Amino acid sequence: MTDWEIALIIPIPPGSKEERTKAVILAGGKGTRLRPLTCGMPKPIVPVLNRPLLEHILLNLVKIGVKEVVLTVSHMPDAIRDKMGDGSQYGIRLYYVHEETALGTSGAIKNAERFLDGPFFVFNGDILTTINLDDMAKRHLEVRPKVTIALTPVENPIMYGIVETDEHGMVQRFVEKPTWDKVTTNLINAGIYILETDVLKYIPPGTPSMFENYVFPKLLEVGEPFLGYPADGYWIDIGTPEKYLKVNLDLLEQRGKSIFTEGESRIDPAAEIEPPVLIGSGCDIAAGAKIKGPAVLGPGCTIAENANIENSVLWEGVRICTGSSIKKCVIGERSYVQEDCRLEDCILGAYVVVGKGTTEWEAKIPPKTFVSPRT
Ligand code: GTP
């Protein structure tokens with residue numbers, strides 16, 4: 001055991017009511033597609049509506065009675081552990097299993113084997129969903145396959161891997177990024193599984209491996225029962241900055257048309273705020289500033305006179321100066337946009353300074369330019 005593994009686990013007898021108390025979250029990826037937002041912060045804890053992404057996932061699991069969650073970590077593990085702690089604030093127990101070298105999605109689960117017994121959930125650590133996990137677990141216990149995989153419909157299956165099932169819902173085949181003539185279903189792997197522990201014997205220890213291209217094909221090859229669970233509900237993976245922005249704006253819209261404040265802020269009565277807008281604590285919004293929702297301001301943001309924020313997400317401590325306009329942007333922690341800038345569809349990393357009068361076109365220089373020297 002390393003110091004990452006916070007405590008011993010109490011084994012739960014197979015078949016007991018406690019069978020659904022465990023989940024593993026895959027939180028060890030590098031999140032390269034989400035750069036520059038992930039240059040200084042690992043993807044699992046990027047803020048979504050001002051709370052770490054993992055918190056949203058954990059609260060979803062808590063709702064269905066999960067009591068213990070194993071976080072498999074590899075990239076920037078300390079940042080994740082510092083943010084999420086031992087889980088007591090969510091009423092659960094969190095365990096961390098660290099990979100010195102990233103082991104891939106299935107390799108990570110094998111590495112956490114000693115924490116696992118009975119069927120357990122596996123969650124990609126970058127998914128937000130309203131899929132009915134309780135019903136998925138019930139279905140698994142009824143059919144009792146080796147694996148149940150949640151399947152979600154998408155409009156553009158050629159970008160993903162499709163999962164073909166038979167008339168009983170049993171998985172037959174995975175087809176990675178099919179061309180349109182090979183598309184037989186719009187259902188894709190939602191990155192949520194329930195696994196029986198016997199599956200772990202198919203995963204080689206200490207070697208990188210992935211569910212999609214190694215373990216799942218192997219299970220099908222040897223004829224292990226493998227159930228597909230087609231699921232309705234909101235589902236999105238926060239893999240790219242565009243999707244990251246969309247998740248924030250979608251979730252805020254789902255909360256309703258209000259101005260949500262978290263703690264004290266100074267909002268000048270002559271500021272115009274069109275909900276839904278989420279305002280973190282300690283913000284300062286000046287007279288004549290306009291904020292058009294959905295929009296999220298992290299804690300300690302400053303929006304100066306006549307600045308205009310629209311459909312954007314600002315992380316903690318962002319400053320937008322007089323007369324600047326920010327539309328459909330994500331602005332990383334403590335970045336500073338000087339006067340009279342016009343930014344649209346821009347993703348800025350942390351600690352970026354955007355010089356006075358920068359226009360949209362100029363701001364579209366490669367993202368690397370926006371990365372702080374501190375990352
Ligand atoms: P990209 O670099 O942008 O592809 O992101 P990523 O590294 O997160 O990869 P991907 O989106 O394919 O990962 C899906 C989920 O699996 C995420 O929650 C990752 O954190 C997780 N994951 C990916 N690789 C590993 C790994 O080697 N170990 C662990 N523990 N988790 C991983």
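**Confidence, cores and local geometry of a predicted model**

Over residues 1-20 of this predicted model, pLDDT stays under 50, and the model has 39 contacts for them beyond four places in sequence. A further stretch with pLDDT under 50 covers residues 365-375, for which 17 contacts beyond four places in sequence are present. For the chain as a whole, the mean pLDDT is 89, and 90% of the residues reach 70 or more.

The largest nonpolar core holds 60 residues, of which Val-69 and Tyr-244 touch the most other members. Helix H6, spanning residues 241-255, gives the most to this core, contributing 6 residues. At least three residues of the core come from each of domain 1 (3-239) and domain 2 (243-370). Apart from this core lies another, of 30 residues, which includes Ala-112, Phe-115, Val-171 and Phe-216. When residues up to four places away in sequence are not counted, Val-69 touches Ala-23, Ile-25, Leu-58, Leu-61, Ile-92, Arg-93, Leu-94 and Tyr-95.

Helix H3 (residues 104-111) is largely enclosed by the rest of the structure, because 6 of its 8 residues are buried. These buried residues are Thr-105, Ser-106, Gly-107, Ala-108, Ile-109 and Lys-110. Among the elements that cover them are strand E1 (22-27), strand E4 (68-73), strand E6 (120-124), E11 and H5.

Leu-219 belongs to helix H5, residues 211-222, and is buried, its relative accessible area being 1%. Its contacts, with residues up to four places away in sequence not counted, are Val-147, Val-199, Tyr-202, Glu-224 and Phe-226. Between the C-alpha atoms of Leu-219 and Ile-291, which are 72 residues apart along the chain, the separation is 52 Å.

Asn-189 is part of strand E11, which runs over residues 187-195. This residue counts as buried because its relative accessibility of 16% falls under the 20% cut-off. The side chain of Asn-189 reaches the backbone nitrogen of Gly-191 at 2.7 Å, and a polar contact of 3.0 Å joins it to the side chain of Tyr-193. Leaving aside residues up to four places away in sequence, Asn-189 touches Ile-149, Ala-150, Leu-151, Gly-161, Val-163, Glu-212, Phe-216 and Trp-235. One of these, Phe-216, is also listed among the members of the 30-residue core.

An oxygen atom of the ligand lies 2.8 Å from a backbone N or O atom of Arg-33. In the case of Glu-99, an N or O atom of the side chain is 2.7 Å from a nitrogen atom of the ligand. A polar backbone atom of Gly-104 is 2.7 Å from an oxygen atom of the ligand.

Backbone geometry was then considered. Most residues other than glycine have a negative phi, and most peptide bonds are trans. One joins Pro-275 and Pro-276, with omega about 5°; Pro-276 lies in the loop between strand E16 (272-274) and strand E17 (277-279). Another leads from Gly-293 to Pro-294, where omega is near 0°, and Pro-294 is placed in the loop between strand E19 (290-292) and strand E20 (295-297).

Leu-49 has a phi near 50° and is located in the loop between strand E2 (47-48) and strand E3 (51-52). With a relative accessibility of 3%, Leu-49 counts as buried. Arg-334, likewise not a glycine, has a positive phi of about 60° and occupies the loop between strand E26 (330-331) and strand E27 (336-337). Arg-334 is partly exposed, its relative accessible area being 39%.

Key. Residues are numbered from 1 along each chain as its sequence is written. This is a predicted model: local features need pLDDT of at least 70, side-chain atom pairs count only at pLDDT 80 or more; totals for chains, interfaces and linings use all residues. Side-chain values use heavy atoms; hydrogens and water are left out. Helices (H or I, at least four residues) and strands (E, at least two) are DSSP runs, numbered from the N terminus. Buried means under 20% relative accessible area, exposed over 50%, partly exposed in between (1.4 Å probe, protein chains only). A polar contact is a pair of N or O atoms within 3.5 Å; within protein, one must be able to donate a hydrogen and the other to accept it, and residues adjacent in sequence count only if both atoms are side-chain atoms. Contact means heavy atoms within 4.5 Å. pLDDT is the predictor's confidence in each residue, from 0 to 100. A nonpolar core is a set of buried Ala, Val, Leu, Ile, Met, Phe, Trp, Tyr and Cys residues joined through side-chain atoms within 4.5 Å. Domain bounds come from an automatic or database domain assignment.
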